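Subject: Structure for you to look over

Hello,

Here is the structure I said I would pass on. My notes on it follow below the entry.

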Amino acid sequence: MPPRSRHRTVLSRRTRLGLATGVALVAGALVVPAVDAATETTTATPSGKRLHDDFNGDGYPDVAIGAPGTALDGVTRAGSVSVLYGSSSGPSTSRKQVLTRPGDDWNGGYGTGLQSADLDGDGYADLLSTVGQSMMDIGDGNALVVNWGGPKGLSGTAVTLTWAPRDEWSGGFTVADVDGDKRPDVVTGSADDWNSDTPDQDNGDGTVWHGPFTRTGQAAKKDYFALFSDRATSLHSLTSGDVTGDGVADIVVRLGSNGAPDSRAAALLTGGSGGLTLKGRLRDAQGGMIGGEDAAIADLNKDGYGDIVVGRSDDRYDSAEPPFRGGGLAVVYGGPNGVSTTRKPVWINQDTAGVPGAAELGDGMGSGVSVADTDGDGYLDVATGLPGEDLDGITDAGSVLVLRGSANGLTGTGSKAFSQNTSGVPGTAEKGDRFGAENALVDADGDKRAGLIVGDPAENAGNGSVWVFSATSGGIGAGGSFSFGSATMGLPSTGARFGASLAD
């Protein structure tokens, strides 16, 4: 069956946006070589469709795995990215590509914050990553770099799209069409134009770099957006997806207050040809502030509007939402003007009916949020990690929950839990593993059912590992699951934090 386009709305994970996957281990080796971006040509996919996460244009989604702690060429924490290419049999470690240092100007942390999109409009998805520790004489900073896609896979050398001093890069980035021209734009939390003659000029709270991009990394144009006038608000990260159902991406910005580390909030900005429009902060049914550490946007109830899922994994502060232990998910339903006026937001945690386990302080539910249809019923489901979950007396062993979407939205009914103690899952739960810190749902075989990829950068004392779970008509299952780490990719393992970031 040919693969289909999916309801993906966030890559962040994250951005991570409505996905799908069935996966299986495949015998035989095919190492995909890096190619020179300047010589690539565009070819049609078997299905005739282009996917935002298909790097080699064969019609199947691919998966990129970041290991930002990889030590290479004498550089500690230089970082690396391992790519598994999809096929009718799903992803496999035998069809792989390994990317290392992005260039001579940047050093450290490559493989952080991975996202994918076709930035130059050639029909092949490109891979974006942040890197840090500038080696230029301008001092330390962070950069956003891209490896270009093509018929043989990703280019071996990354190109810098933009850079900013470290203290201006905390807002991260997301990729989506926010102006409605059908071309992906890059939205960053870096407010100032540091390449201008007036680098201290305050242009707002974020920047929109409009596509298409050239192969040298130049955007077609850029502009800025503002949040709130009280400059006490700090921008933490961004997520994109179509909340209003108009075919143009909107942005959810996760916020905090300067000087108040326990504060959490999120604000919605709607996209359009006239720029991003601030709609205000998100609030729950009681008027409390909704905020967290992760988010995704996808249409959970098939009403045509993207719903905002905010993961609130940090429960250390009494003054911050949500009002329960162990973290949880806030679901804010979308509507034609932004937040729905007919459906109230809801909180879901381990004390919600049907959700396995019990809410306990430090569980971390709401980590690594990803959205996809895992059972082929047409409704998108939500995967989220609980890396602080204790199992049978083992502290912080970690687990992953898969919650089902329905006509009534996200529900605890029919939820599933997976850990290294689950029958059929490779490995053994150990203290401090923090299984489930990162998650992605990917349709790497195009069968309209999403399999689960779990990233665990803390596994084996920080070496890291990744688990791959298949999907059937019954949803995610442990049978046939497999795991691997940096050594399988031919990379150094010690301190690599393999699986710290996942792009699909």
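Please bear in mind that this is a predicted model.

Overall make-up

The protein chain holds one helix and 31 strands. Of its 504 residues, 61% are buried. The accessible surface of the chain amounts to about 18,000 Å², and carbon and sulfur atoms account for 49% of that. I also looked at how far apart in sequence the contacting residues are. Taking contacts between residues at least 6 apart in sequence, 58% join residues at least 24 apart.

Backbone points

The peptide bond between Gly211 and Pro212 is cis, and its omega is near 5°. Pro212 belongs to the loop that runs between β11 (206–210) and β12 (221–225).

Asp392 is not a glycine, yet its phi is positive, near 50°. This residue sits in the loop between β24 (381–386) and β25 (399–404). Is Asp392 buried or exposed? Its relative accessibility is 74%, and the cut-off for exposed is over 50%, so Asp392 counts as exposed.

Arg497 also has a positive phi without being a glycine, in this case about 55°. Its loop is the one between β30 (475–484) and β31 (501–503). Relative accessibility is 40% for Arg497, so this residue counts as partly exposed; that class covers values between the 20% limit for buried and the 50% limit for exposed.

Around Thr374

The last item is a loop residue and its surroundings. Thr374 lies between β23 (367–372) and β24, in the loop that links them. With a relative accessibility of 4%, Thr374 falls under the 20% limit and therefore counts as buried.

Which side chain makes a polar contact with that of Thr374? The partner is Asp381, and the contact is 2.7 Å.

If you open the model, I would begin with Thr374 and its polar contact to Asp381, then go to the cis bond from Gly211 to Pro212, and finish with the positive phi values at Asp392 and Arg497.

Regards

Conventions: Residues are numbered from 1 along each chain as its sequence is written. This is a predicted model: local features need pLDDT of at least 70, side-chain atom pairs count only at pLDDT 80 or more; totals for chains, interfaces and linings use all residues. Side-chain values use heavy atoms; hydrogens and water are left out. Helices (H or I, at least four residues) and strands (E, at least two) are DSSP runs, numbered from the N terminus. Buried means under 20% relative accessible area, exposed over 50%, partly exposed in between (1.4 Å probe, protein chains only). Contact means heavy atoms within 4.5 Å. Accessible areas come from the Shrake-Rupley method with a 1.4 Å probe; for residues, only the protein chains shown count as cover. A polar contact is a pair of N or O atoms within 3.5 Å; within protein, one must be able to donate a hydrogen and the other to accept it, and residues adjacent in sequence count only if both atoms are side-chain atoms.
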